[in-house]
Amino acid sequence: MIMNLDRAFPVFSVAFAALYLLATYFNLALVTYHPALKELQFLAQPPKAGPAMYWYGWIMTTTIGAFAAGAVATFMPDRWDRWVQRAITFAFVYAVLYVIVHYVALFIYDQATVELEFLKHPATSATGALVAAIIASIFFPIRWTQRVWSGWTGVIPLSVMLVFVFLLRGWFMPSVGILLR
């Protein structure tokens with residue numbers, strides 16, 4: 001087996017970004033910190049006295065998962081490079097399309113004159129994004145993914161963070177205003 005660190009770093013960064021989205025969405029925190037009590041608990045726990053902080057747990061969960069993905073990619077044979085690249089293409093397209101499909105479905109739901117309750121269900125967005133990501137990853141020529149392979153290391157985490165800033169803009173904007181005073 002040949003170790004390939006050139007493959008491990010892009011896989012780690014892409015896995016970190018995707019796993020961070022999943023960890024925050026499903027609250028997969030390894031630990032929960034209760035600042036008012038100065039107490040640290042294992043796994044995601046409900047708030048006690050005051051708010052609970054899950055961020056530390058999300059980062060721990062994400063780091064462990066991304067490290068595992070990078071370690072597996074390190075020991076993969078070179079002949080699997082194109083499958084690793086296709087998997088990263090699939091993951092990126094799925095994550096971006098999930099957010100797009102989700103907000104389009106919510107927009108349609110808000111504008112509809114009839115009740116379309118299924119549009120609010122997460123499975124609707126997940127299914128739409130899954131179908132589109134499968135089609136995209138099958139039909140993207142392998143030479144496209146090989147050309148941008150090293151660029152995935154920065155593009156995907158940046159895209160995920162931009163999605164987070166958009167989703168959490170109600171929290172970020174007042175915080176930025178406080179910092180600028």
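# A briefing on a predicted helical model

Of the protein's 181 residues, 29% count as buried. Please keep in mind that this is a predicted model. Its secondary structure comes to seven helices and two strands, and from the N terminus on the elements follow the order α-β-β-α-α-α-α-α-α.

**The chain as a whole**

- The accessible surface of the protein comes to about 11,700 Å², and carbon and sulfur atoms account for 75% of that area.
- If you take the contacts between residues at least 6 apart in sequence, 66% of them join residues at least 24 apart.

**Helix H2**

- Helix H2 covers residues 55-74, which makes 20 residues.
- From the first C-alpha of H2 to its last the reach is 28 Å, close to the 28 Å expected at 1.5 Å a residue.
- The buried residues in H2 are Gly57, Trp58, Thr62, Ala66, Gly70, Ala73 and Thr74.
- A reminder that helps when reading such a list: an α-helix has 3.6 residues a turn, so residues three or four places apart point the same way.

- Helix H3 has 31 residues and spans 45 Å between its first and last C-alpha, close to the 45 Å expected at 1.5 Å a residue.
- Buried in H3 are Val84, Gln85, Arg86, Ile88, Thr89, Phe92, Val93, Tyr98, Val99, His102, Ala105 and Tyr109.
- H3 (residues 81-111) packs with H4 (residues 122-139) at an angle of about 140°, and the two axes are 8 Å apart.
- The crossing of these two helices, H3 and H4, is right-handed.
- On the H3 side, the contact is made by Arg86, Phe90, Val93, Tyr94, Leu97, Tyr98, Val101 and His102.
- On the H4 side, the residues taking part are Pro122, Thr124, Ser125, Ala126, Ala129, Leu130, Ala132, Ala133, Ile134, Ala136, Ser137 and Ile138.
- By type, the residues of this contact between H3 and H4 divide into 15 nonpolar, four polar and one charged.
- Arg86, Val93, Tyr98 and His102 belong to the H3 side of the contact, and these four are also among the buried residues of H3.

- Ala15 sits in helix H1 (residues 5-25), and it counts as buried because its relative accessibility is 13%, below the 20% cut-off.
- Setting aside neighbours within four places in sequence, Ala15 is in contact with Ala66 and Ala69; Ala66 is one of the buried residues of H2.
- Ala15 and Ala68 are 53 residues apart in sequence, yet their C-alpha atoms are 9.3 Å apart in space.
- Ala91 is found in helix H3 and is partly exposed, with a relative accessible area of 29%.
- Between Ala91 and Val14 there are 77 residues of sequence separation and 8.3 Å from C-alpha to C-alpha.

- Although Asn27 is not a glycine, its phi is positive, at about 50°.
- With a relative accessible area of 27%, Asn27 is partly exposed.
- Leu43 counts as partly exposed because its relative accessibility is 42%, which falls between the 20% and 50% cut-offs.
- Not counting residues up to four places away in sequence, Leu43 touches Ala29, Leu30, Val31 and Thr32.
- Leu43 and Tyr33 are ten residues apart in sequence, with 9.8 Å between their C-alpha atoms.

Terms used
Residues are numbered from 1 along each chain as its sequence is written. This is a predicted model: local features need pLDDT of at least 70, side-chain atom pairs count only at pLDDT 80 or more; totals for chains, interfaces and linings use all residues. Side-chain values use heavy atoms; hydrogens and water are left out. Axes are lines fitted to C-alpha atoms, for helices over the stretch in contact, and angles run from 0 to 180 degrees between N-to-C directions. A crossing is left-handed if the near helix is turned anticlockwise from the far one by less than a right angle, and right-handed if clockwise. Contact means heavy atoms within 4.5 Å. Ala, Val, Leu, Ile, Met, Phe, Trp, Tyr, Cys and Pro count as nonpolar, Asp, Glu, Lys and Arg as charged, and the others, Gly among them, as polar. Buried means under 20% relative accessible area, exposed over 50%, partly exposed in between (1.4 Å probe, protein chains only). Accessible areas come from the Shrake-Rupley method with a 1.4 Å probe; for residues, only the protein chains shown count as cover. The expected span of a helix is 1.5 Å times one less than its number of residues.
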